[in-house]
Amino acid sequence: MSTAAAPVRSLRAGTVLADLLPASRTRDIALVVGGAALTGLAAQLSVPVPGSPVPVSGQTFAALLVGTALGARRGFLALALYAVAGMAGVPWFAQATSGYGMPSFGYILGMLLASTVVGALARRGADRSVLRTAGAMVLGSALIYAVGVPYLALATGMSLGQAVAAGLTPFLIGDALKAALAMGALPAAWKLVGRKG
């Protein structure tokens, strides 16, 4: 009886992809640790940007994907674990770095905020269609920059305009590509489990 009811209950409004797995504390811990590890792994896909202390990396995409798939609470916890472990010395920030003294650390703080917000939006169905997913990814990216760019300016002594030129402008095309990947992947995942966007 509970087996037949589970699929219907799992697809109700307010559900994120991670909720489709059987609920348990072990599941939540595994999802949080897995989300942190995915972000750390994606951060190693990084390319230096000439003239910028901030590399292009996969960690922003992973952070937004983790928040969307896990929901606000677990997404925040996964990115908090990623940040705290990296501050403690785990070399899983972009370019195998760690610590909190680097000029790009503000982007990691922005990812905490962004994963929480996109996770909350996913609970409201923002990951169920291409356009809503695009909106959530754009907002999440904007939140990362809203924290990361001012932090970059403060950490390096750049003016805000210089920080925008070094820490935002070179990344816009890459962010558009990451958003396009998410726009295809997330709604497709819901369609696979029977939810039309």
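**Figure 1. The surface and overall build of the protein chain.** The protein chain exposes about 9500 Å², and carbon and sulfur atoms supply 73% of it; such accessible areas come from the Shrake-Rupley method with a 1.4 Å probe, and for residues only the protein chains shown count as cover. This is a predicted model: local features need pLDDT of at least 70, side-chain atom pairs count only at pLDDT 80 or more, and totals for chains, interfaces and linings use all residues. Residues are numbered from 1 along each chain as its sequence is written, and side-chain values use heavy atoms, with hydrogens and water left out. Of the 197 residues, 46% count as buried (buried means under 20% relative accessible area, exposed over 50%, partly exposed in between, with a 1.4 Å probe and protein chains only). The chain has eight helices and two strands; helices (H or I, at least four residues) and strands (E, at least two) are DSSP runs, numbered from the N terminus.

Figure 2. Five aromatic pairs turn up in a search of the whole structure. In one of them, the ring centres of tyrosine 82 and phenylalanine 93 are 5.2 Å apart and the planes stand at 70°, so this pair is edge-to-face. Tyrosine 82 belongs to helix α4 (residues 72-87), while phenylalanine 93 sits in the loop between α4 and α5 (105-123), 11 residues apart. Rings of Phe, Tyr and Trp (its six-membered ring) pair if their centres lie within 6.5 Å; planes under 30 degrees apart count as stacked, over 60 as edge-to-face and the rest as tilted. Are these two residues buried or exposed? Tyrosine 82 is buried, at 0% relative accessibility, and phenylalanine 93 is buried too, at 1%.

**Figure 3. A charge over a ring.** Look for arginine 128 over the face of tryptophan 190, at 3.6 Å from the ring centre. A charge sits over a ring if NZ of Lys or CZ of Arg is within 6 Å of the ring centre and within 35 degrees of the ring normal.

**Figure 4. Lysine 178 and its contacts.** Lysine 178 lies in helix α8 (residues 172-192). Which residues does lysine 178 contact, leaving aside neighbours within four places in sequence? They are Ser57, Thr60 and Phe61, where contact means heavy atoms within 4.5 Å. Lysine 178 counts as buried because its relative accessibility is 17%.

**Figure 5. Threonine 26 on helix α2.** Find threonine 26 in helix α2 (residues 25-43). At 60% relative accessibility, threonine 26 counts as exposed.
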